[in-house]
Amino acid sequence: MDFDYAHLALMEEREEEEEVSSSRKAYRKQLAETMGLNRTRILAFTNKPPSSTSLHHQHQHQHEPPRRIPQRPERTLDAPGLVDDFYLNVLDWSSANVLAVALANSVCLWDASTGSVTTLVTYGEDQGPVTSLNWAHDGINLGVGLNNGQVHIWDCVTKTLLRTLQGFHHTRVGSLAWNTHILTTGGMDGRIFNNDVRFMSYPVSTYKGHTQEVCGLKWSASGQQLASGGNDRLVHIWDRSTSTQWLHRLRGHTSAVKALAWCPFQSDLLASGGGAEDRKIKFWNTRTGACLNSLDTASQVSSLLWSNNQRELLCSHGSQLTLWKYPSMVKMAELSGHTSRVLSMTQSPDGCTVVSAAGDENLCFWNVFGLPHTTAKKTVPKAAHEPFSHVARIR
């Protein structure tokens, strides 16, 4: 748009009524011819010339080498006794850079900073095997779900048992999810309980919607919405601030839904993955409940992880991992290293490394999301002097 010429054209009628000197008219005529303003349109659209800044970024983009994605694991650890059960969640990486893995009746801790391995606890046959693990946000307290329906909370610094939650689930607890001081548990009985760990009382709320085993639980980053997936092929979205009635019941999968992942760059976007009879990744708008897209992976989807740095999604399906570009869902890389189906994945606290656990009793580490020195590292909280001292207590 040329505002100078627009003003000139709009003022022409007024000039006919006013006396304008001949020199003034001659000047305007010469200006119009020089600037190419002898036209009838006031508004005209042309291509904007590239600025020096955009040219600089374009030059940088052209010369920036593509990120190399290693298609083989950088490290492999033995995991003897890892239970080959699709419905369990037996792997989690803490904000303190400690990996917890359930090996049959034991919980083992691998410190990524030192490479040391310790056994936190070994349960008896009347309690085990361990069926789920999830770290609290402080990187100190670990929730452990058991086959007998109990849930234990451990302080992994002092290696002491802080709390035993029992009497709620009567069958195995296959999924756990922390939300500050709330530990959410999902059982084979189809029930979901929210437990306030600051109190010794019963659960503060119960979510009823699944008719079969709850095998996936994930709180959103804001802590306001919970996604649950079950063997009944359903995904539920629960709103913490409203009631115990589901906000959305999402249908579309034709098999068990274990893999759930909230998008880090779009708060109302959820990815879910279906089991062996479904094999699809679906994307949902949790504000409206609409299914935005569906992709067939051709094998059982066990885990989904979003990149914290790029618009990318990592999927474990069958015996491999596949990295996809979102939202085009163009396949960026296929990662092979396991000889049997992948059961779980978890992400390092710096967001760069992913570890996968499979039925071949191996843990594979992948540098799939970039290098640590190019990624903003998360701050590791300091150890608390007492259990759950990082949350406000109610008298």
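Residues are numbered from 1 along each chain as its sequence is written. In this predicted model, local features need pLDDT of at least 70 and side-chain atom pairs count only at pLDDT 80 or more, while totals for chains, interfaces and linings use all residues; side-chain values use heavy atoms, without hydrogens and water.

**View 1. Open four-stranded sheet, β2 to β5.** The strand order is β2-β3-β4-β5, with antiparallel pairing; strands are DSSP runs of E of at least two residues, numbered from the N terminus, and two strands pair if DSSP finds at least two bridges between them. Because β2 (91-93) and β5 (117-122) stand at the edges with a single partner strand each, one side of each has no neighbour in the sheet. From one strand to the next, the twist averages 20 degrees, where axes are lines fitted to C-alpha atoms and angles run from 0 to 180 degrees between N-to-C directions. Three antiparallel bridges join β2 to β3 (residues 98-103), and Trp93 has Leu99 of β3 as its bridge partner.

View 2. Leu247 is partly exposed at 37% relative accessibility (buried is under 20%, exposed over 50%, partly exposed in between; 1.4 Å probe, protein chains only). Beyond its neighbours within four places in sequence, Leu247 is in contact (heavy atoms within 4.5 Å) with Gln225, Ile237, Trp238, Asp239 and Thr286. The C-alpha atoms of Leu247 and Ile237, ten residues apart in sequence, are separated by 5.4 Å.
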